[in-house]
Amino acid sequence: MSTAGPAGTRCLIADDQAMVREGFAAVLAAQPGLLVVGQAADGADAVSQARYLAPDVVLMDVRMPVMDGLQATREILRGTAGQERPRVLMLTTFDLDEYVFDALIAGATGFLLKDVEPEYLLAAIHTIARGDSLLAPSVTRRLIEAYIRDHQPTRQPPPGLDQLTARELEILVHVAHGLSNAEIAEQLVLSPLTVKTHVARVLDKLNLRDRVQAVVLAYEAGIIRPGSEQSHASGR
């Protein structure tokens with residue numbers, strides 16, 4: 001379900017570099033259906049503005065003064081009673097991968113590199129505003145592998161895993177590798193709609209909010225290993 005209101009998607013930009021904020025704001029302002037409602041120079045300001053302005057999407061830098069983007073994300077996503085929480089799109093660089101993993105666990109909807117092309121940034125905002133999560137395949141595996149090197153997987157079957165069909169487990173593995181629905185459909189010779197249905201069932205059975213959480217679960221539970229292309233789920 002879309003989080004955008006009738007006037008369009010309300011966006012808050014949080015970054016400690018003024019030129020970066022202004023650059024993103026200019027790109028968004030030129031796009032019909034997107035409205036920049038605020039800019040924050042640090043995490044604490046982002047939390048305050050998010051509560052006051054109620055944006056649909058927050059573009060959040062990781063490293064900022066006063067309060068970093070990770071803590072700001074946690075604070076924003078705690079939300080308040082009766083207020084719909086915005087969706088957070090983390091902005092990162094390769095050397096900040098481990099921080100972004102923590103942000104995804106905290107509830108961020110997805111992440112992009114800060115030097116992303118404008119058209120991809122716009123597409124990402126529209127994607128998460130529709131209620132979908134965003135995983136950049138070029139970064140996903142490096143992100144997770146950096147985390148796994150320092151955190152041993154639990155190897156414990158998560159609740160609901162035994163409820164997945166063989167096809168649904170296969171879909172989960174592809175999702176964990178960062179593939180989009182269209183890419184999964186092409187590999188498995190299925191229609192995108194069928195893949196979307198399978199993904200929805202996987203999330204429901206595993207009680208996950210979105211495919212970002214599915215990636216985290218797959219690696220932490222040892223369903224796949226960093227660098228692998230095959231399932232390592234026992235008994236499957």
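**A loop leucine, then the helices**

Guide: Leu190 sits in the loop between α8 (181–188) and α9 (192–205). Helices (H or I, at least four residues) and strands (E, at least two) are DSSP runs, numbered from the N terminus. This is a predicted model, where local features need pLDDT of at least 70, side-chain atom pairs count only at pLDDT 80 or more, and totals for chains, interfaces and linings use all residues. Residues are numbered from 1 along each chain as its sequence is written, and side-chain values use heavy atoms, with hydrogens and water left out.

Visitor: What is the relative accessible area of Leu190?

Guide: Buried means under 20% relative accessible area, exposed over 50%, and partly exposed in between (1.4 Å probe, protein chains only). Contact means heavy atoms within 4.5 Å. Leaving aside neighbours within four places in sequence, Leu190 is in contact with Arg167, Ala185, Val195 and His198. Leu190 is partly exposed, and its relative accessible area is 23%.

Visitor: Which residue forms a salt bridge with Glu170?

Guide: A salt bridge is a side-chain nitrogen of Lys or Arg within 4 Å of a carboxyl oxygen of Asp or Glu. Glu170 is partly exposed at 31% relative accessible area. The closest N and O atoms are 2.8 Å apart, and the partner is Arg167.

Visitor: How many of the 11 residues of helix α7 are buried?

Guide: Helix α7 covers residues 166–176. Its buried residues include Leu169, Ile171, Leu172 and Val173. Helix α7 is largely enclosed by the rest of the structure, because the buried count is 8.

Visitor: Which helix holds the partner of Arg51, Glu75?

Guide: Arg51 and Glu75 form a salt bridge, with the closest N and O atoms 3.5 Å apart. The pair links distant parts of the chain, 24 residues apart. Arg51 is in helix α2, and Glu75 is in helix α3.

Visitor: How many of the 10 residues of α3 are buried?

Guide: Glu75 is one of the buried residues in α3, as are Leu70 and Ile76. At the start of α3, a side-chain oxygen of Asp68 reaches to within 3.1 Å of the backbone nitrogen of Leu70. Helix α3 (residues 69–78) is largely enclosed by the rest of the structure, because its buried count is 7.

Visitor: How far apart in sequence are the parts that Asp61 and Lys114 tie together?

Guide: The side chains of Asp61 and Lys114 meet in a salt bridge at 3.5 Å, N to O. Asp61 lies in strand β3 (residues 57–61), and Lys114 lies in the loop between β5 (110–113) and α5, so the pair ties together parts separated in sequence by 53 residues.

Visitor: Which side chain of opposite charge is nearest to Asp42?

Guide: Lys and Arg count as positive and Asp and Glu as negative; His and the chain ends are not counted. Asp42 lies in the loop between β2 (34–40) and α2 (43–53). Asp42 is buried yet has no salt bridge. The nearest side chain of opposite charge is 8.3 Å away, and it is Arg21.

Visitor: Which backbone nitrogen does the side chain of Asp42 reach?

Guide: Asp42 touches Met64, Pro65, Val66 and Met67, not counting residues up to four places away in sequence. Its side chain also reaches a backbone nitrogen at 2.7 Å, that of Asp45.

Notes:
A polar contact is a pair of N or O atoms within 3.5 Å; within protein, one must be able to donate a hydrogen and the other to accept it, and residues adjacent in sequence count only if both atoms are side-chain atoms.
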